[in-house]
Amino acid sequence: RGLPALRRRCQIAGKRLSGTGLAAEGRVLRAVLYVYHSRLLRHRPYLALLQVEQCLKRLWKMNLVGCIETLAGLVPKKNTSQTHGECLVPSQPMLETVALKVLGGCKLILRLLDCCCKAFLLSVKHLCSEEFILLNTVASGLLSRLWFVIQYRCVLQTLISLYGTLSTSLQLVSETQQMSYIQGFTFPSDISDFLGVNVSSEVKKQKARMLKTKKPTSWMKKLFPTIPEAVSEVGKKRNFATCMSAVKIYRIPCPADIGEPVL
(Lines give C-alpha, C1' and ligand atoms only; values in the text may rest on other atoms or scores of the structure.)
Protein backbone atom coordinates (compact mmCIF):
# COMPACT_ATOMS: atom_id res chain seq x y z
CA ARG A 1 0.00 0.00 0.00
CA GLY A 2 2.94 2.34 0.50
CA LEU A 3 4.38 1.83 -3.00
CA PRO A 4 2.09 4.33 -4.82
CA ALA A 5 2.93 6.99 -2.21
CA LEU A 6 6.67 6.32 -2.63
CA ARG A 7 6.40 6.56 -6.41
CA ARG A 8 4.42 9.80 -6.20
CA ARG A 9 6.90 11.37 -3.76
CA CYS A 10 9.80 10.43 -6.02
CA GLN A 11 8.14 12.01 -9.05
CA ILE A 12 7.36 15.24 -7.20
CA ALA A 13 10.90 15.51 -5.81
CA GLY A 14 12.44 14.85 -9.23
CA LYS A 15 10.33 17.55 -10.89
CA ARG A 16 11.07 20.18 -8.26
CA LEU A 17 14.79 19.48 -8.22
CA SER A 18 15.11 19.49 -12.01
CA GLY A 19 13.10 22.69 -12.49
CA THR A 20 14.32 25.38 -14.86
CA GLY A 21 14.45 28.08 -12.17
CA LEU A 22 17.16 26.51 -10.04
CA ALA A 23 19.33 25.62 -13.04
CA ALA A 24 18.92 29.10 -14.57
CA GLU A 25 19.96 30.85 -11.36
CA GLY A 26 22.98 28.56 -11.16
CA ARG A 27 24.07 29.49 -14.69
CA VAL A 28 23.68 33.20 -13.96
CA LEU A 29 25.71 32.81 -10.76
CA ARG A 30 28.55 31.07 -12.62
CA ALA A 31 28.54 33.79 -15.29
CA VAL A 32 28.75 36.56 -12.67
CA LEU A 33 31.61 34.81 -10.86
CA TYR A 34 33.44 34.32 -14.16
CA VAL A 35 33.20 38.02 -15.04
CA TYR A 36 34.43 39.23 -11.65
CA HIS A 37 36.98 36.50 -10.97
CA SER A 38 40.12 38.53 -11.68
CA ARG A 39 38.85 41.76 -10.09
CA LEU A 40 37.38 40.86 -6.70
CA LEU A 41 39.37 37.93 -5.36
CA ARG A 42 39.41 39.42 -1.83
CA HIS A 43 35.98 41.02 -1.81
CA ARG A 44 33.78 39.54 0.94
CA PRO A 45 30.50 39.35 -1.03
CA TYR A 46 32.42 37.69 -3.87
CA LEU A 47 33.84 35.07 -1.49
CA ALA A 48 30.34 34.49 -0.11
CA LEU A 49 29.08 33.98 -3.68
CA LEU A 50 31.79 31.33 -4.15
CA GLN A 51 30.37 29.41 -1.17
CA VAL A 52 26.90 29.52 -2.73
CA GLU A 53 28.29 28.23 -6.02
CA GLN A 54 30.14 25.45 -4.20
CA CYS A 55 26.91 24.26 -2.57
CA LEU A 56 25.10 24.28 -5.92
CA LYS A 57 27.95 22.42 -7.60
CA ARG A 58 27.95 19.70 -4.94
CA LEU A 59 24.17 19.39 -5.22
CA TRP A 60 24.39 18.72 -8.97
CA LYS A 61 27.40 16.41 -8.73
CA MET A 62 25.75 14.09 -6.20
CA ASN A 63 23.20 13.17 -8.94
CA LEU A 64 20.28 13.21 -6.55
CA VAL A 65 17.73 13.63 -9.35
CA GLY A 66 19.08 10.60 -11.22
CA CYS A 67 18.91 8.37 -8.15
CA ILE A 68 15.36 9.45 -7.34
CA GLU A 69 14.22 8.85 -10.93
CA THR A 70 15.87 5.41 -10.93
CA LEU A 71 14.05 4.50 -7.73
CA ALA A 72 10.75 5.74 -9.17
CA GLY A 73 11.29 3.48 -12.19
CA LEU A 74 11.83 0.45 -9.94
CA VAL A 75 8.62 0.98 -7.99
CA PRO A 76 5.83 -1.03 -9.70
CA LYS A 77 2.85 0.88 -10.95
CA LYS A 78 -0.49 0.70 -9.21
CA ASN A 79 -2.15 -1.25 -12.03
CA THR A 80 0.56 -3.94 -12.11
CA SER A 81 -0.94 -7.40 -11.79
CA GLN A 82 -0.14 -9.10 -8.50
CA THR A 83 -0.19 -12.82 -7.83
CA HIS A 84 -1.02 -14.11 -4.34
CA GLY A 85 -0.52 -10.63 -2.88
CA GLU A 86 3.16 -10.48 -3.85
CA CYS A 87 4.99 -7.92 -5.99
CA LEU A 88 8.53 -6.84 -6.77
CA VAL A 89 9.84 -3.92 -4.70
CA PRO A 90 13.18 -2.06 -4.66
CA SER A 91 15.86 -3.86 -2.69
CA GLN A 92 17.23 -2.69 0.64
CA PRO A 93 20.60 -1.54 -0.85
CA MET A 94 18.76 0.66 -3.37
CA LEU A 95 16.51 2.19 -0.72
CA GLU A 96 19.47 2.79 1.61
CA THR A 97 21.48 4.49 -1.15
CA VAL A 98 18.66 6.86 -2.09
CA ALA A 99 17.81 7.56 1.56
CA LEU A 100 21.44 8.44 2.28
CA LYS A 101 21.57 10.79 -0.71
CA VAL A 102 18.30 12.43 0.35
CA LEU A 103 19.75 13.04 3.82
CA GLY A 104 22.86 14.59 2.28
CA GLY A 105 20.77 16.64 -0.13
CA CYS A 106 18.63 18.05 2.71
CA LYS A 107 21.75 18.99 4.66
CA LEU A 108 23.29 20.59 1.57
CA ILE A 109 20.17 22.59 0.67
CA LEU A 110 19.93 23.84 4.25
CA ARG A 111 23.54 24.97 3.98
CA LEU A 112 22.78 26.57 0.60
CA LEU A 113 19.93 28.63 2.08
CA ASP A 114 22.18 29.78 4.92
CA CYS A 115 24.95 30.77 2.48
CA CYS A 116 22.44 32.67 0.32
CA CYS A 117 21.18 34.59 3.35
CA LYS A 118 24.71 35.51 4.54
CA ALA A 119 25.87 36.51 1.05
CA PHE A 120 22.74 38.62 0.54
CA LEU A 121 23.32 40.49 3.81
CA LEU A 122 26.97 41.12 2.88
CA SER A 123 26.03 42.37 -0.59
CA VAL A 124 23.45 44.81 0.79
CA LYS A 125 25.92 45.97 3.47
CA HIS A 126 28.58 46.81 0.89
CA LEU A 127 25.90 48.28 -1.36
CA CYS A 128 24.96 50.70 1.42
CA SER A 129 28.67 51.62 1.65
CA GLU A 130 28.64 52.36 -2.13
CA GLU A 131 31.27 49.70 -2.86
CA PHE A 132 31.18 47.83 -6.18
CA ILE A 133 27.63 49.01 -6.83
CA LEU A 134 27.08 47.00 -10.02
CA LEU A 135 28.30 43.68 -8.62
CA ASN A 136 26.46 43.99 -5.32
CA THR A 137 23.23 45.04 -7.04
CA VAL A 138 23.35 41.99 -9.32
CA ALA A 139 24.42 39.71 -6.46
CA SER A 140 21.66 40.81 -4.09
CA GLY A 141 18.98 40.28 -6.75
CA LEU A 142 20.44 36.92 -7.78
CA LEU A 143 20.70 35.62 -4.21
CA SER A 144 17.20 36.70 -3.27
CA ARG A 145 15.81 34.97 -6.39
CA LEU A 146 17.77 31.79 -5.67
CA TRP A 147 16.57 31.71 -2.06
CA PHE A 148 13.01 32.37 -3.21
CA VAL A 149 13.11 29.66 -5.91
CA ILE A 150 14.14 27.02 -3.36
CA GLN A 151 11.40 28.11 -0.95
CA TYR A 152 8.71 28.69 -3.58
CA ARG A 153 9.19 25.24 -5.11
CA CYS A 154 9.37 23.69 -1.60
CA VAL A 155 12.50 21.72 -2.56
CA LEU A 156 13.64 21.07 1.01
CA GLN A 157 10.15 20.24 2.29
CA THR A 158 9.65 17.81 -0.60
CA LEU A 159 12.88 15.95 0.18
CA ILE A 160 11.91 15.75 3.86
CA SER A 161 8.55 14.22 2.92
CA LEU A 162 10.30 11.81 0.54
CA TYR A 163 12.64 10.66 3.30
CA GLY A 164 9.67 9.92 5.58
CA THR A 165 8.16 7.61 2.94
CA LEU A 166 11.58 6.09 2.22
CA SER A 167 12.17 5.37 5.90
CA THR A 168 8.87 3.50 6.19
CA SER A 169 9.54 1.47 3.02
CA LEU A 170 13.10 0.71 4.13
CA GLN A 171 11.91 -0.60 7.48
CA LEU A 172 9.34 -2.90 5.86
CA VAL A 173 11.78 -4.22 3.26
CA SER A 174 14.50 -4.86 5.85
CA GLU A 175 12.03 -6.84 7.95
CA THR A 176 11.05 -8.95 4.93
CA GLN A 177 14.56 -9.63 3.61
CA GLN A 178 17.57 -8.38 5.53
CA MET A 179 20.26 -7.21 3.08
CA SER A 180 22.02 -4.33 4.80
CA TYR A 181 24.31 -2.45 2.41
CA ILE A 182 25.52 0.63 4.33
CA GLN A 183 27.44 -0.32 7.45
CA GLY A 184 28.21 1.85 10.49
CA PHE A 185 25.35 4.28 9.96
CA THR A 186 21.92 4.28 11.56
CA PHE A 187 19.19 5.91 9.50
CA PRO A 188 17.28 8.37 11.70
CA SER A 189 13.53 7.87 12.04
CA ASP A 190 13.05 11.65 12.27
CA ILE A 191 15.03 13.74 9.81
CA SER A 192 14.91 16.80 12.11
CA ASP A 193 17.28 14.99 14.48
CA PHE A 194 19.76 14.53 11.65
CA LEU A 195 19.51 18.12 10.40
CA GLY A 196 19.84 19.51 13.92
CA VAL A 197 17.43 22.40 13.34
CA ASN A 198 13.74 22.96 12.85
CA VAL A 199 13.47 23.71 9.13
CA SER A 200 10.38 25.92 9.27
CA SER A 201 11.69 28.10 12.12
CA GLU A 202 15.13 28.38 10.49
CA VAL A 203 13.62 29.54 7.19
CA LYS A 204 11.46 32.10 9.00
CA LYS A 205 14.56 33.48 10.78
CA GLN A 206 16.43 33.83 7.49
CA LYS A 207 13.47 35.56 5.85
CA ALA A 208 13.16 37.99 8.77
CA ARG A 209 16.88 38.81 8.60
CA MET A 210 16.71 39.49 4.86
CA LEU A 211 13.60 41.67 5.14
CA LYS A 212 15.02 43.76 8.00
CA THR A 213 18.14 44.63 6.02
CA LYS A 214 18.84 48.33 5.57
CA LYS A 215 17.92 49.40 2.04
CA PRO A 216 20.55 51.37 0.05
CA THR A 217 18.33 54.26 -1.01
CA SER A 218 20.70 57.23 -0.57
CA TRP A 219 22.89 56.65 -3.63
CA MET A 220 19.94 55.41 -5.71
CA LYS A 221 18.21 58.77 -5.24
CA LYS A 222 21.36 60.47 -6.54
CA LEU A 223 21.53 58.25 -9.62
CA PHE A 224 17.77 58.30 -10.30
CA PRO A 225 16.30 61.64 -9.17
CA THR A 226 12.60 61.84 -8.54
CA ILE A 227 10.39 62.95 -11.43
CA PRO A 228 8.63 66.31 -10.93
CA GLU A 229 4.99 66.06 -9.92
CA ALA A 230 3.71 67.87 -13.03
CA VAL A 231 5.57 65.51 -15.36
CA SER A 232 4.45 62.45 -13.39
CA GLU A 233 0.80 63.59 -13.50
CA VAL A 234 1.00 64.05 -17.28
CA GLY A 235 2.55 60.60 -17.58
CA LYS A 236 -0.21 59.05 -15.48
CA LYS A 237 -2.97 60.69 -17.54
CA ARG A 238 -1.37 59.65 -20.81
CA ASN A 239 -0.81 56.11 -19.56
CA PHE A 240 -4.44 55.85 -18.38
CA ALA A 241 -5.80 57.15 -21.72
CA THR A 242 -3.58 54.78 -23.70
CA CYS A 243 -4.65 51.76 -21.67
CA MET A 244 -8.34 52.66 -21.94
CA SER A 245 -8.13 53.04 -25.72
CA ALA A 246 -6.29 49.74 -26.01
CA VAL A 247 -8.98 47.99 -23.97
CA LYS A 248 -11.76 49.46 -26.14
CA ILE A 249 -10.11 48.60 -29.46
CA TYR A 250 -8.24 45.36 -28.90
CA ARG A 251 -9.98 43.97 -25.81
CA ILE A 252 -6.60 42.96 -24.30
CA PRO A 253 -4.72 44.40 -21.29
CA CYS A 254 -2.07 46.99 -22.12
CA PRO A 255 1.43 46.65 -20.58
CA ALA A 256 2.13 49.26 -17.92
CA ASP A 257 4.25 52.26 -18.86
CA ILE A 258 7.45 52.59 -16.86
CA GLY A 259 7.25 56.42 -16.81
CA GLU A 260 8.90 59.39 -18.45
CA PRO A 261 12.43 58.97 -19.89
CA VAL A 262 15.26 60.38 -17.75
CA LEU A 263 17.70 62.54 -19.72
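The structure, which is a predicted model, holds zero disulfides, a disulfide being counted where a pair of cysteine sulfur atoms lies within 2.5 Å. For C116 the closest cysteine sulfur is that of C115, and at 7.2 Å this is too far for a bond. In general terms, a disulfide is a covalent bond between the sulfur atoms of two cysteines.

## Overall fold

The protein chain contains 11 helices and zero strands, where helices (H or I, at least four residues) and strands (E, at least two) are DSSP runs numbered from the N terminus. Of the 263 residues in the protein chain, 38% count as buried.

Although L108 and L59 are 49 residues apart in sequence, their C-alpha atoms are 6.9 Å apart in space.

L112 also has its place in helix α5, and this leucine is buried, with a relative accessible area of 1%. L112 and L59 are 53 residues apart in sequence, and the distance from C-alpha to C-alpha is 9.3 Å.

## A positive patch on the surface

R27, R30, K57 and K61 gather in a surface patch of positive charge, and the elements that give two or more residues to the positive patch are α2 (20–35) and α3 (44–61). Patches are made of residues with over 30% relative accessible area and no salt bridge, with like charges joined within 9 Å; a salt bridge is a side-chain nitrogen of Lys or Arg within 4 Å of a carboxyl oxygen of Asp or Glu. K57 is found in helix α3 and, at 42% relative accessibility, counts as partly exposed.

## Basis of the values

Residues are numbered from 1 along each chain as its sequence is written, and side-chain values use heavy atoms, with hydrogens and water left out. Because the model is predicted, local features need pLDDT of at least 70 and side-chain atom pairs count only at pLDDT 80 or more, whereas totals for chains, interfaces and linings use all residues.

Note on methods: Patch = residues over 30% accessible without salt bridge, like charges linked within 9 Å, V, L, I, M, F, W, Y side chains within 5 Å. Areas by Shrake-Rupley, 256 points an atom, 1.4 Å probe, with all protein chains shown as cover. Lys, Arg positive; Asp, Glu negative; His and termini not counted. Charge placed at Lys NZ, Arg CZ, Asp CG, Glu CD. Buried < 20%, exposed > 50% of the residue type's maximum accessible area, 1.4 Å probe, protein only.
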